Amino acid sequence: MARFKDHEKAIILRKQGMSYSQIKKILKVSKSTLSTWLKDYSLPEERVRQLRDWSEQRIERCRKTKRRKKEKRLEGFYQEQKKLILPLNKRELYLAGLFLYWGEGSKSRMNSSLSISNTDPAVIKFFISWLTKSLFVPKKKIKILLHLYKDMDVKEEIKFWSDILKIPPQQFYKPYIKKSLLKSINHKGGFGHGTCNIRIGNARLSEKTLMALKVISDKYNKMRT
């Protein structure tokens, strides 16, 4: 009885334009059995061409080809931009740091420190480089506050950031521990070592930086669109 139902279902699926391979996956029967059941149910030539052109193997080959082309294109852009951007001279580094701070830094005039938070070590390392090379801040003056989740190993995270930033644990404040869990956060491929806040307590540097940003802001506020 089950065999008869499978036979009927195979005919229905074939009339819908399915290939032997597609029907085989659904009904779990051999290709030789389908050949017997469906010998009188040939597909139109147009449908055969469609199945051939859009087979899973062909689609996967197409995806791989597109992926390789994209990777090659991105590598070309990377090398092009690397030649264009690097190395940064002193002025370019200073401006790059200003624009980073404009977007990500703490900008309250009541604040007597420069501070920035991010989850990406590369952003934090660049900010440290900006502080030390453009603003001439001694690295030993830099303080770090980590924002971690309650299911994270505090010692391990301090060690991670200390090692990657080349800043001793003695310059870390006691971490702020969030009540939520890291495993409950969807990072969408992002970074899983918490948020790193870098700060330098220097009121004059903070004022100087804010006024530099005001120069840029005023320039573009006065521009006519």
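**Figure 1. Four strands of the predicted model form an open sheet.** The strand order is β1-β4-β2-β3, and the pairing is mixed. β1 and β3 (176-178) stand at the edges with a single partner strand each, so one side of each has no neighbour in the sheet. Direction ignored, neighbouring strands are turned against each other by 15 degrees on average.

**Figure 2. β1 pairs with β4 (residues 195-201).** The two strands run in the antiparallel sense and are joined over six bridges. Within this pair, Ser117 has Asn197 of β4 as its bridge partner. Helix α7 lies across β1 and β4, and runs at about 10 degrees to β4.

**Figure 3. Strand β2 (residues 143-149) pairs with both β4 and β3.** β2 and β4 run antiparallel and are joined by five bridges; here His147 stands opposite Thr195 of β4. With β3, β2 runs parallel, and three bridges join the two. In this pair Tyr149 stands opposite Lys178 of β3. Of the seven residues of β2, five are buried, so the strand is largely enclosed by the rest of the structure. In a regular strand, side chains alternate between the two faces of the sheet.

**Figure 4. Helix α9 covers residues 203-221.** At 1.5 Å a residue, its 19 residues should span 27 Å; the C-alpha atoms at its ends are 26 Å apart, which agrees. At the start of α9, a side-chain oxygen of Asn202 comes to within 3.2 Å of the backbone nitrogen of Arg204.

**Figure 5. Helix α9 has a buried side and a face turned away from it.** Leu205, Ser206, Thr209, Leu210, Ala212, Leu213 and Ile216 are the buried residues of α9. Seen down the helix axis, these residues fall within an arc of 155 degrees, so they line one face of α9. Among the elements that cover them are α6 (90-104), β1 (113-118) and α7 (121-133). The face turned away from the buried side carries exposed residues: Arg204, Lys208, Val215, Lys219 and Asn221.

**Figure 6. Ser19 sits in the loop between α1 (2-15) and α2 (20-27).** Is Ser19 buried or exposed? A residue counts as buried under 20% relative accessible area. Ser19 has 17% relative accessibility and therefore counts as buried. Apart from its neighbours within four places in sequence, Ser19 is in contact with Arg14 and Leu51.

Terms used:
Residues are numbered from 1 along each chain as its sequence is written. This is a predicted model: local features need pLDDT of at least 70, side-chain atom pairs count only at pLDDT 80 or more; totals for chains, interfaces and linings use all residues. Side-chain values use heavy atoms; hydrogens and water are left out. The expected span of a helix is 1.5 Å times one less than its number of residues. Buried means under 20% relative accessible area, exposed over 50%, partly exposed in between (1.4 Å probe, protein chains only). The arc is that of the directions from the helix axis to the C-beta atoms. Contact means heavy atoms within 4.5 Å. A polar contact is a pair of N or O atoms within 3.5 Å; within protein, one must be able to donate a hydrogen and the other to accept it, and residues adjacent in sequence count only if both atoms are side-chain atoms. Two strands pair if DSSP finds at least two bridges between them. Axes are lines fitted to C-alpha atoms, for helices over the stretch in contact, and angles run from 0 to 180 degrees between N-to-C directions.
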